[in-house]
Every structure is written in C-alpha cells, then in structure tokens.
Amino acid sequence: MPDTGLTARIRENIVLYGALAANLGIGVAKFIAAGITGSSSMLTEGVHSVVDSGNQILLLYGQKRARRGPDAVHPFGYGRELYFWAFVVAILIFALGAGISIYEGWLHVQAPEELRDPTVNYIVLAIAFALEGASWTIAVREFARAKGDGGWWQAIHESKDPAGFIVLFEDSAALAGLVIAGLGVWLSHRLGDPRIDGIASILIGLVLGLVAILLAREAKGLLIGERADPQVVETIRTIVADRPWIAHVNHVRTIHTAPDSIFAAISADFVDTVPMGEAETLIETLEDDLRRAVPMLSSIYIRPEKHENAAPPVPQSPL
C-alpha cells in the first residue's frame, strides 16, 4: 500500500525540508555569534539564513496550493501558483538577502566596530558549513537524478520544477557566503582592519544579488508559460503523424500548467474521406494512446484543420 501520509510528503520534499532544517539551526547560531563578536559578516549570514528559511516555507506553501484540482475559475488547476511563489522567493532574496547584506556591510565600513575574539565565529562557521554542505549534497543528488544525462545549466533552464533548482542555488550561495564570511573575519583580525569584515558582508550581498537575478529569470519564464521538453513534443507529433487517417501534423503546441502537468494543442489535417462520426472515435483512441506515452498530458485539444489554412509554426527561441 503506498504511503500517502506525512512520511511520503517529507520524502517528496526532502530537498526543501533538509534545507529548512539546516537554515533554522544555523541562523540562530549565526545571530548569537554576531552578538558576541560584533561581526558584520556574521550578522549578514544570520539574515541570509532567515531569508532562506522563509523561502523554503514559501516553496512548501506554494507546492501545497499548487496541488488543488481544477474548478470553474481555474479549469486547468492551480499548478502554476508554485511558479508565482518561486518568483516571490527570488524577489525576497534580492530585496532582503542582498539588500540588507550590502547595507549592513556599508555601515560597517563607514563605522567599523572594535575587533573581538573570533573563535565563536569560526566554530559557528564550521558547523554551518557542515550543515549547509549536507543540504547542498542532498540538493545536488536529487537534481542530478532528475536531470538525466544533460548539462547542469541546460537542465536548470529547462526544469519545470523550481523547488529543486532554487534550493540548489540557495545552498551554493550559502556555501560561498560562509567562505567569504570566514575569510572576512580572518583577514580583519590578521590585518587589524575591521572594515574588511564589512567588505565581506558587501561581497555576500553581491553573491545573493546575482543568485536572485538568475532565479528571477528562470521563475519568470515558468510564470509566463514554457513549452514541454522538445522530446515530449516530438513524441506527440510522431504518434499523431503515424495515424493513417492523418494527412499532416500542422503543429503541436504545449505549455506546462504545473511541473508534472502539460496541456497540448494539436492541429492536424485529416484525410478527407474520414467521416465525422468515425473521427470522434479515432480522436478518443488517439488521446488515450498519447496519455499512455506521455503521462504528464493532463489536457489534449486536437483540431482538424487543413494544412494550407493552419497558422504558421511558432519560431523556436534559443536557450
């Protein structure tokens, strides 16, 4: 019997839950260390962890909302609501994570605080690196399993499930931030210049800003609506074209209505001798075959249309 309870949901969202658990514990430790040592970069890292924790909660909320079924107002369901929350996450990283980090760093450069014993910082950074590294490892393993044999950047660009690549980006930025914070604390004490700690905070903010821009770009594409994988489109086209009563496949247009849900609109030139009553039965059989071949097809629209009257194909945009 399949597990449909809490355990199954945790397993399904292991990347998000792993990142959330790591960020909550790390955030508290970073704020304590910042209060004890007065480190700007540690305070920035604390804010970073709080923002990341909020992001994971928003993505979990978005996934829950996206599971709602179709209704009269949203006949294709609410799957793309997850894409909206992914875009919100990108904005929060930019506005809160990057903005506060750069502002705090600038204040620390303008009015540097007296240096204190950095031992607590090093301990917290080491623990944080271990926890973030574990979360990052989970995210990398899950994304590598999902992406198949394609390249990493291509897989991120073509992914229709933002939760996986957002956590991957966040954890990568978190590890980079910890390295920068550690170097900032060490150089500040090594050179006796507390302003370096503030510069480290600014650098962390710039890293977060870059990640936020990349995430916003990917989330925007999903929010507007992206076509299915080209292999899926070609599979649909091949199945339709193989029917002896189809003279020509004019076009196959798809859009993801959720990470695991695709709407397909197919224009085909039917053989003129096929009676309308028979065509209805043939189309129903074709739809069943398409759904068996591509289980993610949630809605299929097949339009009989003369080839010469069909709309021109949509130009393919570069990746």
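Helices (H or I, at least four residues) and strands (E, at least two) are DSSP runs, numbered from the N terminus; two strands pair if DSSP finds at least two bridges between them. The model is predicted: local features need pLDDT of at least 70, side-chain atom pairs count only at pLDDT 80 or more, and totals for chains, interfaces and linings use all residues. Residues are numbered from 1 along each chain as its sequence is written, and side-chain values use heavy atoms, with hydrogens and water left out.

Three strands form an open sheet in the order β1-β2-β3, with mixed pairing. β1 and β3 are the edge strands, each pairing on one side only. Between neighbouring strands the average turn is 15°, direction ignored. Angles run from 0 to 180 degrees between N-to-C directions, and axes are lines fitted to C-alpha atoms, for helices over the stretch in contact.

| Strand | Residues |
|---|---|
| β1 | 246–258 |
| β2 | 261–270 |
| β3 | 297–304 |

β2 and β3 run parallel and are joined by seven bridges. Within this pair, F263 is opposite S299 of β3. Helix α10 (residues 276–293) packs on the sheet and touches β2 and β3, where contact means heavy atoms within 4.5 Å. The direction of α10 makes about 145° with that of β3.

Elsewhere, helices α3 (residues 40–66) and α7 (residues 162–191) have axes that come within 10 Å and cross at roughly 175°.
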